[in-house]
Amino acid sequence: MSVHMPTRPIASRFAFRGSRRAPAFSVSALLRAGAWSLIGLLAACGDRGRESAETKAETKAETRIAATAVSAQAITRASEWRLPAPAGAAQPDLVIAPDGRRLLSWVEPATGGAHRLRLAWADNAGWQAPITIAEGKDWFLNWADTPHVQALLDGSLWAHWLRSTGPSRMDYGIDLVRSGDGGRSWSVPQLVHPAGTRGDHGFVTFWTQAEDQLGIAWLDSRQKAAAGPDHSADAAHDGAHHGGGGAMMLRAALYGAQARPLAEWPLDASTCDCCTTSSAITDRGVVVVYRGRTAGEIRDTRIVRFDGRAWTAPRDVHTDGWHMPACPVNGPVVAARGHDVWVAWYTEAGGMPELRAAHSGDAGDHFDAPITLARGGQVLGRLGLALGDGRLLASWLEESGASGQRIVLGTYDLRWQSATRVEVATLAARGRASGMPRLRWADGAAWLVWTDVHDGKPRLKGASVR
């Protein structure tokens, strides 16, 4: 059952202090206006430690891009970015906080077979001391389904990890926590799905819904579990994680201050079981991209959008027609500004690994024909996508002969043209050991983090590209 949820306008008491009544702004208006201006908010906390005619729509989109784009000068110089994570750390996440700081999280081993989720943030002066978000022995760890963090305009920090919830190894759920004091203390972990629900829940994406509201979407197996056990699934999400009497679904929810749930929706009743999801904010609300699944096992990229009251029906970004009777563990990524949306994804619809990308000028209602970013047997995917200073940046992994893998960064104009390529790093890691690299843009540079292997142990690595 769909819930219609009015979203309260954002009025930041920090940004508009001194007036009797703060003016109301939408999330996207704040983003356009550059109102990530709560400088010092995290610093204080962290001192411790469309149109009816399509032709009109296309013309408007082209005009908008021409008006806002600056010269997409290539960035080609990669430098090592030293990270504060210790040996053994893996599963990195990287986000940009409202004040511009780079927030890095990771999972590291703890004593007695436990694991802990750690967080550190950096500005131009360097790294703050890492803090511990949570620690436990009952966590579900997976190379592709990793924890995430988010910082909201009200100064709150949010995080999630996966916790075992049942007798089967594939019974696990999403624990969500919030901190209102810069990470010194965290709320009691709560599952984002009903307690006692069998099956797996994960592949989360976070977004800012309002200054004090967190949006979250995830893959949910409650209808699949209700249809009966899926004995073809295994714990490693290696492509056999499919089948059974039901299908995995996409759901979303909103959480408010004090980590209270505000609303929840089912978005798509049949999705790929174990592909990553991604989200971005447009002038018409948040868009979420993910890999769908038809009865004929076609697994193409889909998109939904939330206007603050209701969600659109799922639609394909492009009908690739990729028949894949298993989960490729290779989800799409999205970036947005105003009405413009850019999506990149992995497919083998043409019989060869390929990275495709497309642009929409109407907040995801329609997409241009896709272009190819990379193609060939060496392409592994695991995409990252960022928008910065009049350019698009996409990162991905490739095989690098017999020596391991390499991380590639492509830069493009806002129509996915004028491409340049930078090989950021060569990795010793093979297969899944490199995990899911992360890409963000801040302070005039692309920032990347990934997992490599050193002396048989995972090790986080980073680079900046200017």
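A residue is called buried when its relative accessible area is under 20%, exposed when that area is over 50%, and partly exposed in between, as judged with a 1.4 Å probe on protein chains only. Strands (E, at least two residues) are DSSP runs, numbered from the N terminus. The structure is a predicted model, in which local features need pLDDT of at least 70 and side-chain atom pairs count only at pLDDT 80 or more, while totals for chains, interfaces and linings use all residues. Residues are numbered from 1 along each chain as its sequence is written, and side-chain values use heavy atoms, with hydrogens and water left out.

Strands count as paired if DSSP finds at least two bridges between them. E17 runs antiparallel to strand E16 (residues 285–291), to which six bridges join it, and in this pairing Arg291 has Thr301 as its bridge partner. E17 is also joined, by two bridges and again in the antiparallel sense, to strand E18 (residues 315–316), where Arg315 stands opposite Ile303.

From here the reader can turn to the nonpolar cores, a core being a set of buried Ala, Val, Leu, Ile, Met, Phe, Trp, Tyr and Cys residues joined through side-chain atoms within 4.5 Å. The largest core has 26 residues, and Trp207, Leu250, Trp265 and Trp311 are those that touch the most other members. Among the elements that give two or more residues to this core are E16 and E17, together with strand E13 (248–256), and E13 supplies the largest share, four residues. Trp311 has contacts (heavy atoms within 4.5 Å) with Trp207, Ala252, Trp265, Leu267, Val286, Val288, Val304, Arg305 and Phe306, if residues up to four places away in sequence are not counted. A second, separate core of 20 residues includes Trp322, Trp342, Ala357 and Ala374.

Strand E20 (residues 340–347) and strand E21 (residues 354–360) are paired over seven bridges, and Thr347 has Glu354 as its bridge partner in E21.

Charged side chains form the last part of this picture. Side chains of opposite charge can pair when their charged atoms come close. A salt bridge here is a side-chain nitrogen of Lys or Arg within 4 Å of a carboxyl oxygen of Asp or Glu, and a search of the whole structure finds 34 of them. In one of these, the side chains of Asp365 and Arg315 meet at 3.6 Å, N to O, and the pair links distant parts of the chain, because Asp365 lies in the loop between E21 and E22 and Arg315 in strand E18, 50 residues apart. Asp365 is buried, with a relative accessible area of 13%, whereas Arg315, at 28% relative accessibility, counts as partly exposed. Finally, Lys224, Asp273, Arg293, Glu297 and Arg299 are linked in a network of salt bridges.
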